[in-house]
Amino acid sequence: MATFIKSVTFDAADALALAGFWAAALGSDVDEDSTRDKAFVEPAGWGGPTLWFQRVPEPKTAKNRLHFDLRAPDGDVPAEVARLRALGATVVVVRDDGLTVMRDPEGNEFCVE
């Protein structure tokens, strides 16, 4: 039997706040037992691993070595980018190929395509 990815863990200054952003972005909820020190978000439906968030004392200092690529609903990248910006994400760059590079509220990069 092959192994599988159970969860993806984010270091955060505020686990609960960052979990709230990703829950809203992915159409899910933050688990009711979550705190500023540890929080998790289960994927909506059957897609993907659980997202864990753990509070750490040090800030993010470098570019991610791993990031999410999000698919915009109905292929409407501008609308999805606007929705994510309203949730607290920022745009890094809009590429000519239609992909938008963004950062979550704690600076973790991700893409919308």
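Which residue forms a salt bridge with Glu 80? The partner is Arg 83, with the closest N and O atoms 2.8 Å apart. A salt bridge here is a side-chain nitrogen of Lys or Arg within 4 Å of a carboxyl oxygen of Asp or Glu. The model is predicted: local features need pLDDT of at least 70, side-chain atom pairs count only at pLDDT 80 or more, and totals for chains, interfaces and linings use all residues. Residues are numbered from 1 along each chain as its sequence is written, and side-chain values use heavy atoms, with hydrogens and water left out.

The chain contains 2 helices and 7 strands. Their order along the sequence is β-α-β-β-β-α-β-β-β. These elements are DSSP runs numbered from the N terminus (helices: H or I, at least four residues; strands: E, at least two). The C-alpha trace spans about 40 × 35 × 25 Å along its principal axes.

Of the 113 residues, 35% count as buried. Buried means under 20% relative accessible area, exposed over 50%, and partly exposed in between (1.4 Å probe, protein chains only). Contacts (heavy atoms within 4.5 Å) were also counted. Among those with a separation of 6 or more, 48% come from residues 24 or more positions apart.

The structure holds 6 salt bridges. Glu 80 and Arg 83 both lie in helix α2 (residues 77–87). They are 3 residues apart, about one turn of the helix. Glu 80 is buried at 8% relative accessible area, whereas Arg 83 is partly exposed at 32%.

Another salt bridge joins Asp 37 and Arg 55 (3.3 Å, N to O). This pair links distant parts of the chain, 18 residues apart. Asp 37 sits in the loop between α1 (15–26) and β2 (38–41), and Arg 55 in strand β3 (residues 50–55). Both side chains belong to partly exposed residues: Asp 37 has a relative accessible area of 45%, and Arg 55 one of 39%.

Glu 109 pairs with Lys 60, with the closest N and O atoms 3.6 Å apart. Here the sequence separation is 49 residues, from Glu 109 in strand β7 (residues 109–112) to Lys 60 in the loop between β3 and β4 (68–70). Glu 109 is buried at 14%; Lys 60 is partly exposed at 36%. Arg 103 joins Lys 60 and Glu 109 in a network of salt bridges.
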